[in-house]
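Biologist: Could you walk me through this one, a question at a time?

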Amino acid sequence: MKRIYLDYAATTPTHPEVVKTMLPCFTEAFGNPSSIYSYGQEAKGAIEEARVKVANLINARAEEIAFTSGGTEADNFALKGVAFANENRGNHIITSSIEHHAVIESCKSLEKRGFRVTYLPVDEYGLVTPDDIRRAITNKTTLISVMQANNEMGTIEPITEIGKIAKEAGVYFHTDAVQAVGHIPVDVNELGVDLLSMSAHKLYGPKGVGALYIRKGTKLVAFMHGGEQERRRRASTENVPGIVGFGKAVELAQQEMSEEAERLTYLRDQLIKGLLERIDHIRLNGHPLKRLPNNINVSVDYVEGESMLLNLDLEGICASTGSACSSSSLESSHVLLALGLSPEQAHGSLRFTLGKWTNEEEIGRVLEVLPPIVAKLRAMSPLLKNHR
Ligand code: PLP
């Protein structure tokens, strides 16, 4: 059976061109970038080349990019780094209630260390209200962190507006752009952000590598102590193959982004329309327009998301319910609850995220397979019987 992968927000396959670019870093170009002989200097050169590519994609300067082990580390680095470095100015952080666990859990750990965190609500579409941010700022606020695009329901946040508010108030502004970079335009100056998290495996790069953009002049403490790598901000021998692969993935994304976004938006809208037409008691989660080109998230009443996933898997279709990190837990998604969904609606959610190898035939297959799965599950559902 041909498998249909529709979980590109969880991770993307590594692009064959990226793999090809990485391979020599394991063999002939294996040097430690800190070594002064040619092997080392070649590796260092390759890293610096990748740094320029990543910086270019988001309109930053190369020296403002610190490579990390992924998006989670970039988020931890931004939040803890700024909170601790600016403790003498204040202990208050503002974030939203729909952030990725990497941000929420970093905030929780800071709360245990005496910081105060405001988790702002969102509207029914998952949008943060900029005025709520303005009102939440106090003279103790040092950092605002709001994601650029949500990983579960794809809503794109008003980052530019929040950036202006942060700047006026003299507060650092971080955005988790892990799901946005490489998919929609990201320009750190237009957005007005001081820190921005990225991850390579969401844009056809390898897993285990990401980066934090740190605007020049931003005060933050180092994430790891040891050697002098990454301008002393993040010690440890660099993941040369990963960073080189990240650079190549970014280069490809830059070339293909606008065309790909248009293609995926068309497929996304076809799938949304088809699902809403073919299945009753279904709703689209997230904003209908201000959403990532590849994200479809629906709640299907009277059915469990896990049951739909397993049945789809039997048909060779990979999707997700909630975020990948919590797919083995039965807790309702904090993101869907924040939209005002009931725990039952949140449990009945299904996320399809499209990518480079998704085509119309695959969308057609989902539209053919899912409605009978829902009908079958509803026929056995105690949720529906209770409702009748
Ligand atoms: N932030 C967001 C919005 C994500 O979607 C993810 C991954 O799912 C992360 C952070 C974590 O990135 P990584 O897997 O590179 O640690």
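Biologist: At roughly what angle do the axes of α2 and α8 cross?

Modeller: Helices here are DSSP runs of H or I with at least four residues, strands are E runs of at least two, and both are numbered from the N terminus. Axes are lines fitted to C-alpha atoms, for helices over the stretch in contact, with angles from 0 to 180 degrees between N-to-C directions. α2 (residues 38–57) and α8 (residues 240–278) have axes that come within 8 Å, and the crossing angle is roughly 35 degrees.

Biologist: What pLDDT do side-chain atom pairs need in order to count?

Modeller: Residue numbers start from 1 along each chain as its sequence is written, and side-chain values use heavy atoms, leaving out hydrogens and water. This is a predicted model, where totals for chains, interfaces and linings use all residues, local features need pLDDT of at least 70, and side-chain atom pairs count only at pLDDT 80 or more.

Biologist: Back to the helix pair: how many nonpolar residues does the contact of α2 with α8 have?

Modeller: Contact means heavy atoms within 4.5 Å. On the α2 side the residues include Ala-43, Ile-47 and Val-54, and they meet α8 residues, among them Ile-243, Phe-246 and Val-250. Ala, Val, Leu, Ile, Met, Phe, Trp, Tyr, Cys and Pro count as nonpolar, Asp, Glu, Lys and Arg as charged, and the others, Gly among them, as polar. By that scheme the contact has two charged and three polar residues, and the nonpolar ones number 11.

Biologist: Is the β-α-β unit of β3, α4 and β4 left-handed or right-handed?

Modeller: β3 (residues 92–96) and β4 (residues 116–120) pair in the parallel sense over five bridges, with Ile-94 partnered by Thr-118. A crossover is right-handed if, with the strands pointing away from the viewer, the path from the first strand over the helix to the second runs clockwise. With α4 (residues 101–112) between its strands, this unit is right-handed.

Biologist: Which residue in β8 is the bridge partner of Ser-197?

Modeller: Ser-197 is in β7, standing opposite Asp-176. On β7's other pairing, five bridges join it to β8 (residues 210–214), running antiparallel. There the partner of Ser-197 is Leu-212.

Biologist: How many residues of β7 are buried?

Modeller: Buried means under 20% relative accessible area, exposed over 50%, and partly exposed in between (1.4 Å probe, protein chains only). Leu-195, Ser-197 and Ser-199 on one side, and Leu-196 and Met-198 on the other, are all buried. β7 (residues 195–199) is therefore largely enclosed by the rest of the structure, with the buried count at five of the five.

Biologist: What is the relative accessible area of Arg-231?

Modeller: Arg-231 is found in the loop between β8 and α8, with a positive phi near 55 degrees despite not being a glycine. Arg-231 is exposed, at 57%.

Note on methods
Two strands pair if DSSP finds at least two bridges between them.
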